[in-house]
Amino acid sequence: MLLLKRCIKFGSLKTNKCIRTMSGSKIKTVLIDLSGTIHIDDQEIHNSKDSLKRLRSQNVNVKYVTNTTKESKKCLLNKLNGIGFDIKPSEIFTSLTAARELIEKIGLRPLMIVDDRALEDFEGIQTDNPNAVLIGLAPDKFNYKTMNTAFRLIQDGCPLIAIHKARYYKKTDELALGPGPFVTALEYATDTTSHIVGKPEASFFLSSVEEFNCQPEECVMIGDDVRDDIGGAQKTGMLGILVRTGNTDVIQAWDAYLPTVTICRGFPPWWLPN
Amino acid sequence: MSWCKNVKGVLLDITGVLFESGASEPIKGSVEAIKRLKDSKIPVRFCTNETTKTRQKLLQKLHSIGFSMTEGDVFPPIPACCQILKSRGLRPHLVVNPDALSDFIEVNQENPNCVVLGDATDNFSYQNLNKAFQLLMSLETPVLFALGGGKYYKEGSDLTLDVGPFAKALEYACDVEAEIVGKPSKSFFGAVLLDLGQPPDSVVMIGDDIVNDVGGAQSCGMRGVQVRTGKYRPSDENHPTVKADGYVDNLAQAIDLILQS
């Protein structure tokens, strides 16, 4: 019971037409992770379509936030809408979006070690005579020659931008190296630290809600990764709801975030209005 | 300069000290310098992290450019690693340079239960590293060996990634710590010192790598001197963690200073 009291709980919507946390503050924005939270591969998770429909009928902003490094926004949308979700381009904020924003803000011309499918999210970005290195998950491009080109650029003072630093990811029936090990290799070789743009970085969560003009305390993040989704959002002051689907390591979740996290079996339907 | 006084033994790095990587002639004065050193009866051994070729090929290369050391004078990581593998009953999955493979010929590689990472150059592909990663993740006690801890070396006119960063990549991915065989590992230097037969405090190590040659030797109680050849960069003289006992323009200058003292 103590846990329940301390974690967020949403009040009845029949009386006041908004979602509130237990402490009474109003939720203006809901951030939602994609893979492992609303779908796995081409399968919807646990009534999530219906839950999202009901969420939309409320007076809240919704943003889907994801750490993709391989798929462009268009690829993602095609996949999601193919499963039957009804998601608009403006509702998705990916680590590639965050990378592009950063590149444009500082005027960088990156050497792109990024999967070809993700390149369309960087259309129009100058890459001649590079003055930065951008790394995503790009198995076809992680070879000795490219790694050396990146190493020499960084050694000469170019910044290293990592879309994220995941150690590995799960393929259908095996684990495979993520971009993190390659970022680590370059950091070690050059005695530098990379600039990470994806989850769990605070800047990622804050940029994703920038357009809504709301405070972190008015946002809630729903995801299946206790460290990248929940931990990252909570560090900015947002609330976090962990779903027990996808990646969730429940034991780790309880150990690390017992006081503040809410764990639910699927995409949380219980806090939505009847 | 106190580093060159009372020197009773000398350890020398090879690549970047005797010759520049990729070059077909020795660094100026180094052949004659080693002759002078040998004539003076100060014992010398060669400690290298070279794993892009077999010990035999390395010797051939050295002889072809005028050096005359014997196999017993040269200490590369692979023979040391093979000894460790055999004594611990380990069967390696190798991510090494194809030119170094034959140095592992006597080691059982079936059904591997550890990973050995050398300076694999073009073999540092995603596929090869991923295979090593998957094997390590499948082992109850993952064991990863790195043949040396170097970050980079000089190849032609460019700095080039060495094995160290790729070992760090696998360490990060699998949450393991690599065992380094080669410089700057203490047991590696220890074996060479034993062969040299001199106490560490009367031995000087001369190399072009501020961390692995100089720092590694110093942490074993030797003096460490950096040459301004090979991968040397001026910023090495203000390195945040390692301060060499001396900096010299090249090997010839170092040997002259030792012999004059």
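## Ground rules

Residues count from 1 along each chain as its sequence is written, while chains are lettered from A and ligands numbered from 1 in the order in which they are written. Since this is a predicted model, local features need pLDDT of at least 70 and side-chain atom pairs count only at pLDDT 80 or more, but totals for chains, interfaces and linings use all residues.

The score here is pLDDT, the predictor's confidence in each residue, from 0 to 100. Chain A averages 84, and 80% of the residues score at least 70. Over residues 250–261 of chain A, though, the pLDDT is below 50; that stretch has 22 contacts in the model beyond near neighbours in sequence. A contact here means two residues whose C-beta atoms, placed from the backbone, lie within 7 Å.

Residues 269–274 of chain A also stay under 50, with 10 contacts beyond four places in sequence.

## Where A meets B

Chain A brings 23 residues to the contact and chain B brings 24 residues. On the chain A side, the elements giving two or more residues are α5 (144–155), β10 (175–177) and α6 (180–190). The largest share, 8 residues, is from α6(A). Helices (H or I, at least four residues) and strands (E, at least two) are DSSP runs, numbered from the N terminus.

By class, this side of chain A has 15 nonpolar, 5 polar and 3 charged residues. Ala, Val, Leu, Ile, Met, Phe, Trp, Tyr, Cys and Pro count as nonpolar, Asp, Glu, Lys and Arg as charged, and the others, Gly among them, as polar.

## Two helices in chain B

Helix α4 (residues 126–138) and helix α5 (residues 163–174) of chain B pack at about 40°, with axes 10 Å apart. The axes are lines fitted to C-alpha atoms over the stretch in contact, and angles run from 0 to 180 degrees between N-to-C directions.

From α4(B), L129(B), A132(B), F133(B), L136(B) and M137(B) meet F166(B), A169(B), L170(B), A173(B) and C174(B) of α5(B). Sorted by class, the residues of this contact are 10 nonpolar, no polar and no charged.

## Domains of chain B

Chain B is split into domain 1 (2–49 + 199–260) and domain 2 (77–180), with bounds that come from an automatic or database domain assignment. Their C-alpha centres lie 27 Å apart.

Domain 1 of chain B gives 10 residues to the contact between them, and domain 2 of chain B gives 11 residues. On the domain 1 side there are no nonpolar, 7 polar and 3 charged residues.
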